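Please open the model in a viewer and keep the sequence at hand.

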Amino acid sequence: MRCSVSLCMPIFAALVQTAPGNDSNVIYKDPSAAVEDRVADLLSRMTIEDKTAQLVQGDLRNWIDITNGAFNQTGLEWSMQYRAGQFYVGVPVSWKMLSDSIKTGQDYLMENTTLGIPAWVQSEGIHGFLIPNATIFNSPIGHACSFNPPLVEKMAKAIAQEARALGVNNIFGPLADLARELRFGRVEETFGEDGYLTGELAYAYVKGLQSGNVTAMVKHFAAFATPEQGINCAPVHGGERELRTTYLPPFKRAIMDGGALSIMSAYHSYDGVPAVADRHTLTEILREQWGYKYFVMSDAGATDRLCKDFAMCESNPIDSEAVVKFALPAGNDVEMGGGSFNFEKIPEMIESGTLSLDVVDEAVSRQLRAKFEAGLFENPFPGVPEEEQSDYINTPEIIELARQLDTESIVLLENHDNVLPLKKDARIAVIGPMAHGYMNYGDYVPYRSQYRGVTPLDGIMAASTGTVTYAQGCERWSSDESGFSEAIAAASGAEVAIVVVGTWSRDQDELWGGLNATTGEHVDVHSLNLVGAMAPLVRAIIDTGTPTVVVFSSGKPITEPWISDAAAALVQQFYPSEQGGHALADVFFGDANPSGRLAVSFPYDVGTTPIYYDYLNSARAYPDPGEVYADGSMKFGHNYVLASPLPLYEFGYGKSYSTFVYSNLALSQSTASVSDRVTVTVDVTNNSTRDGTEVVQLYVKDMISSVVVPHIQLKGFSKVPIAAGETKSVSIDLNVEDLGLWDINMQYVVEPGKFTIYVGSSSTDLRTNTTLSVS
C-alpha cells in the first residue's frame with residue numbers, strides 16, 4: 001500500500017481505535033512507578049525478537065519516500081518489527097513531512113504493537129537541528145572560542161526546542177573529542193584542544209538540550225580525534241595514563257555530571273582495541289567505575305569495521321555473529337544503521353546458545369531505562385501542529401542568539417596600528433571567495449543550506465554608511481588568478497580592503513556526494529596552508545598598499561604566518577552561523593568588542609604539530625628555532641632547523657579593542673586539603689577608553705609530581721564584561737580534588753606539595769601567580 005502521509009493519517013486513526021495493548025494497569029505503563037520496576041516489568045514481557053528490535057536502528061526512509069512523500073505501509077510494519085528501538089530522521093525534507101512521518105511511526109509503535117514501546121527519534125544537531133530552514137549556529141570550534149558555557153547552554157536549549165517541535169527526541173551531540181590532531185577533518189566539530197574547556201561546554205550543551213526534553217548523545221567515546229596521520233577512523237596511539245588524564249575527563253563531565261542519557265561509541269581503535277568493542281572503556285570504566293546506567297550506540301557502520309577494517313573476523317561476507325560477540329558483551333548496546341545490521345543475528349544466536357540472554361537483557365535494560373527517564377512512554381510524540389511550527393523554529397529570538405554566539409566566538413588575532421574598528425563611512429572593498437555567493441558553513445548542515453544566510457559582504461553592506469565594492473578574486477578550489485585584476489582595482493580604490501579566505505566544508509549531501517572540500521568528516525589534509533590562489537590573492541591585495549584586513553573563515557587553524565605581519569589586521573571566524581556576516585560586521589565596526597579566545601593553538605606549520613598547550617613536562621625543551629625570511633634568506637636553528645616548535649598563536653589567545661591589567665591575586669586559603677574548594681580572586685582593570693570583555697583564565701602547575709604530567713592545565717575561567725576605566729574583582733573556584741594525577745599504580749591521587757596558580761589572558765600570557773600548598 002502506498003499513499004501520501006496526509007492521506008494515510010485517517011487510516012491510522014481507525015487502526016489506533018482497534019489496536020491491542022491499551023491496558024494501562026501494568027507496571028511499565030505507570031509513570032508513578034519506580035524506573036527500575038518499570039524496566040523489569042517490561043523486560044519480562046518481551047520476546048527475544050522484541051528485545052533485538054530495541055537494539056537495532058531503523059530509518060524513516062523505510063516507510064517514507066522523501067522525494068515525494070509517498071508512504072509505504074509494508075516498510076513501516078517491517079521496520080517496527082525488526083528495528084523499532086530508534087529511527088533516524090536526519091533527511092532534507094519539509095517540516096510537515098518530517099513531523100507527519102515521525103508521528104506515523106510513533107503512533108504505529110504505541111497503538112499497533114503488543115507492548116507499545118516508543119522509539120528514539122534521532123537526528124544531528126551539533127550546531128543546529130539538521131532540517132532545512134532551522135537555525136544554523138556557528139560550528140562548535142567557534143562555540144569554544146566564546147568561552148561562554150551559559151550561551152552554549154542557551155543554544156542547545158534552542159536546538160531542543162526546534163527538534164522537539166517536529167517530534168525529534170534524541171540528538172547526536174555534543175562531541176567531547178579533543179582537537180589535538182589538526183590534520184583531522186573534524187576539528188570544526190570539537191570544542192578545541194583542552195579537556196577542561198571541552199568538558200564545561202559539553203556539559204553545558206547536555207544540560208541545555210535535556211532541559212528541553214531532548215536527549216543528548218555524547219560522542220565519540222572515547223579518544224577518537226587524534227588519529228594516526230590525521231586520517232579519519234585511523235588508529236589512535238596512547239596509553240592508559242593519557243586516556244585517563246587527557247581524553248576521558250571531558251566525557252565524564254558531560255556524561256556523568258551532565259546526566260546524558262545516551263552515548264555514541266567511536267570508529268577508531270585505541271592501543272589496538274576497537275572502541276566499539278572495548279570492554280575496558282565501555283564497561284570497566286564507564287559502567288563499573290563511573291556508574292553509568294544508560295545505553296551506548298555505535299556510529300554508522302562502525303560494527304562492520306571489526307571485520308572489514310580491523311580484520312578481527314571474516315569480512316566477505318561479514319561474520320555478523322563475531323561482530324555481536326565482540327561488541328555487545330563489551331558494552332556497545334545498540335547498533336546504528338549504515339552497515340550490515342549484525343545485531344539482527346541475536347535471536348538466532350540465543351537459539352543456538354552462542355550468546356548469553358543475560359548480555360542481551362542488560363543492553364535492553366539500559367535502553368529502556370533511558371526511555372523511561374526521558375518520559376518517552378508518557379509523551380512519545382511531542383511535535384506541535386503545523387501552523388505552530390514557525391513559533392518554535394528559527395524564531396527571531398533564536399536568530400539573535402545565533403548572532404550573539406557567533407559574535408562572541410570571533411577572535412582578533414592581529415590589529416596593527418589599531419586599524420580596527422573601522423569607521424562606518426569608510427570606502428571598503430570586500431574581496432575573496434568566502435566573502436559572498438554562499439555561506440561558508442561547517443559540516444552537519446542540511447542540503448543546500450549554503451544558499452541561506454548572511455554572508456560577510458551582506459553584513460558589511462548592512463552596517464556600512466559608506467561605499468562598499470566587491471570582487472571575488474578567485475575560486476576557493478582553483479589556482480586561477482584571472483580574477484585578481486578586478487580585486488586589485490577594488491582594493492586600490494578603497495580606504496580599506498577586507499579579504500575573506502579559508503577552508504571549506506559541505507552540507508551533508510554534498511560532503512558525502514564527492515564534492516571537493518578541505519574540512520569535514522572524512523576530509524583530512526596534509527597541509528594547513530591556504531589552497532590554490534587564495535594566498536596569492538591575499539598577497540596581491542596587501543601589495544596594493546591599501547590597509548588590508550584578512551579574515552580566516554575556516555574550520556581549523558590556517559598556517560600562513562606571513563599574513564600575521566603583512567596584513568593590517570587578522571581576524572579568525574571559525575565556520576559561521578546563518579548570522580555570520582552580521583557578527584563579523586559587529587566586530588569590524590566596533591558595535592561589538594572582540595571577546596573570542598582561541599580554543600585551539602595555531603602552529604607555524606603543520607610539521608610542528610602537535611601544538612596543544614598542555615604538553616607534558618620535558619616537551620618543547622630548549623627551543624632553538626630557525627627561520628626562513630621573506631627575502632629567502634635563512635637562519636638555521638636546531639629545534640626546529642627552520643621553524644619554531646612553539647605556537648604562532650597559543651590556546652586562550654585573542655586581542656580586544658580594550659586593554660586589561662591584572663592585580664591583587666589572592667587565594668581564600670594558601671594551604672588546603674583534598675576536600676577543600678579554594679577561591680582564587682584577582683582584580684582586572686580595563687585601562688582603555690572602550691568597554692570590553694576579558695576572559696580571565698586560571699592555570700595550575702604541579703611543581704613536583706611522581707609521574708610526568710602536563711606542564712600547566714586550565715582549571716577555570718571567567719568571561720567578564722568590564723566598562724572603560726572600571727576594575728572588577730573576579731573570583732574562580734578551584735576544587736583541590738581536581739589537581740590529581742594517575743600515579744605509577746594507575747590510581748587517581750592528589751599528591752601533597754606545591755601548586756603554582758597562574759591567572760592571565762592566555763596559556764602563555766600569564767599575568768600573575770601565587771602558590772597553593774596541598775597537605
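Which residues in α7 meet Ile-398, Leu-401, Gln-404, Leu-405 and Glu-408 in α15? They are Leu-151, Lys-154, Met-155, Ala-158, Gln-161 and Glu-162, where contact means heavy atoms within 4.5 Å. This is a predicted model, in which local features need pLDDT of at least 70 and side-chain atom pairs count only at pLDDT 80 or more, whereas totals for chains, interfaces and linings use all residues. Residues are numbered from 1 along each chain as its sequence is written, and side-chain values use heavy atoms, without hydrogens and water.

**The helix pair.** Select residues 149-165 (α7) and 396-409 (α15): their axes come within 10 Å and cross at roughly 145°. Axes are lines fitted to C-alpha atoms, for helices over the stretch in contact, and angles run from 0 to 180 degrees between N-to-C directions. Helices (H or I, at least four residues) and strands (E, at least two) are DSSP runs numbered from the N terminus. The crossing of α7 and α15 is left-handed, that is, the near helix is turned anticlockwise from the far one by less than a right angle.

**The cores.** Next, select Leu-98, Phe-129, Phe-221 and Phe-588, the residues with the most contacts inside the largest nonpolar core, which has 209 residues. Such a core is a set of buried Ala, Val, Leu, Ile, Met, Phe, Trp, Tyr and Cys residues joined through side-chain atoms within 4.5 Å; buried means under 20% relative accessible area, with a 1.4 Å probe and protein chains only. Helix α7 gives the most to this core, with nine residues. Centre on Phe-221: leaving aside neighbours within four places in sequence, its contacts include Leu-248, Phe-251, Ile-263 and Trp-290.

**The six-stranded sheet.** Display the open sheet β12-β17-β16-β15-β13-β14, whose pairing is mixed. Two strands pair if DSSP finds at least two bridges between them. The edge strands, β12 (411-415) and β14 (468-471), each pair on one side only. Within the sheet, β15 (residues 496-502) and β16 (residues 548-554) run parallel and are joined by six bridges; Ile-498 has Val-549 in β16 as its bridge partner.

**A covered strand.** Finally, select β5 (residues 120-124), where five of five residues are buried. Trp-120, Gln-122 and Glu-124 lie on one side, and Val-121 and Ser-123 on the other. Strand β4 (residues 86-88) runs parallel to β5 and is joined to it by three bridges; Phe-87 is partnered with Val-121.

Definitions and conventions
Buried means under 20% relative accessible area, exposed over 50%, partly exposed in between (1.4 Å probe, protein chains only).
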